[in-house]
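Hi,

Here's the structure I promised to send over.

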Amino acid sequence: MIRARGLTRTFKRGKDVVEAVKGIDVDVAEGELVAFLGPNGAGKSTTLRMLTSLLSPTAGSAQVAGYDVVAHPAQVRARLGFIGQGNGGGFSYKVRDELHNQGRFYGLAPDVYKRRAADLVDALELTGLEKRSVQSLSGGQRRRLDVALGLMNHPPLLFLDEPTTGLDPHSRANLWEHIAAMRERYGMTVVLTTHYLDEADSMAERVVVIDHGEIIADAAPDVLKREYADDVLTLDVAGDEATVRGALPPDLGEVAVTPRDGGLRVRVATARGADRLPGAIEALRLAGATTTSASVKQASLDDVFLNLTGRSLREEAAA
Ligand SMILES: Nc1ncnc2c1ncn2[C@@H]1O[C@H](COP(=O)(O)OP(=O)(O)O)[C@@H](O)[C@H]1O
Ligand SMILES: [Mg+2]
């Protein structure tokens with residue numbers, strides 16, 4: 001569905017040149033749901049605007065839905081839905097009018113757009129809101145309407161730029177569920193952007209991490225966490241420090257031991273923490289040290305981002 005090579009965009013700002021996107025290579029297969037994750041200013045919107053033919057690349061190329069974005073922008077646009085950052089439809093219109101207008105915009109016959117609007121109202125939980133003005137909707141309802149508007153022409157490829165920004169966690173999860181359901185229902189490929197680590201982690205099948213205009217990692221969240229960050233094992237052990245240190249396998253990772261409640265608290269940073277925990281407990285037991293409690297803290301995508309960039313995306317987002 002998407003094949004981009006060396007995709008680059010610079011902007012002139014006064015005398016300065018801003019390198020918004022610095023030569024990214026990315027492929028998206030048909031049917032995938034891919035999230036571009038990165039902090040503000042990383043180049044997510046610029047990338048999406050190039051892939052949707054709204055902005056021409058300074059260098060590099062992209063084929064989207066089989067067409068070159070520069071040579072055939074009209075063919076590209078006919079095959080995609082694009083929901084930009086902070087859309088929201090016309091304020092004074094009613095929900096159903098917005099959907100019907102969108103259908104007319106795509107040149108659909110009235111019976112077709114009316115049927116599609118009714119289907120999408122149903123599928124995106126907008127039932128009962130058809131006659132409400134867009135203005136009166138909640139943030140979550142409004143974003144679901146945006147998704148419905150993006151789907152009126154049944155595009156094989158849907159782009160959403162920060163669809164969940166500003167929504168509360170419940171509405172964010174709800175919107176993701178709807179996006180996933182729409183993808184199943186219409187067999188769409190979906191590319192979206194987010195700066196929320198937790199939702200990229202829990203919802204996306206594939207995360208493309210972008211920072212300063214470059215792709216710095218591209219894989220499933222679990223793979224990213226396994227490759228770029230350690231889990232942390234915490235064990236409370238009855239025994240002495242020398243025995244504990246001697247018993248744990250040398251390849252396990254960095255071991256920190258501190259006294260706690262008459263015993264020891266042992267922390268180990270290690271890959272595949274859940275897989276390594278039973279072996280660690282057994283090794284301690286054989287050496288005569290009893291484990292009284294144990295837990296695994298899985299690495300997060302923030303740990304991944306921190307290890308890749310030296311910065312915390314969570315703290316940047318909060319700031
Ligand atoms: N039209 C523009 N003119 C000048 N600079 C721009 C323009 N659009 C984006 N930029 C700059 O390019 C960089 C990437 O922006 P953007 O793609 O919007 O990032 P993101 O969507 O990840 O927050 C930022 O430094 C931004 O200020
Ligand atoms: Mg943006």
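Helix 1 gives the largest share of the shell around ligand 1, three residues. Helices here are DSSP runs of H or I with at least four residues, strands are E runs of at least two, and both are numbered from the N terminus. Keep in mind that this is a predicted model, where local features need pLDDT of at least 70, side-chain atom pairs count only at pLDDT 80 or more, and totals for chains, interfaces and linings use all residues. Residues are numbered from 1 along each chain as its sequence is written, while chains are lettered from A and ligands numbered from 1 in the order in which they are written.

Back to the ligand: helix 1 (44-51), strand 1 (2-13) and strand 2 (16-28) each bring at least two residues to its shell. Among the residues around ligand 1 are F11, R13, V18, A20, G43, K44, S45 and T46 (near means a C-beta atom, placed from the backbone, within 6 Å).

Those two strands also sit in an open sheet of four strands, ordered 2-1-4-5 with antiparallel pairing (strands pair if DSSP finds at least two bridges between them). Its edges are strand 2 and strand 5 (67-68), each pairing on one side only. Strands 1 and 2 run antiparallel and are joined by 10 bridges; L7, for one, has I24 in strand 2 as its bridge partner.

Zooming out, the protein splits into domain 1 (2-226) and domain 2 (230-298), with bounds from an automatic or database domain assignment. Their C-alpha centres are 45 Å apart.

Cheers
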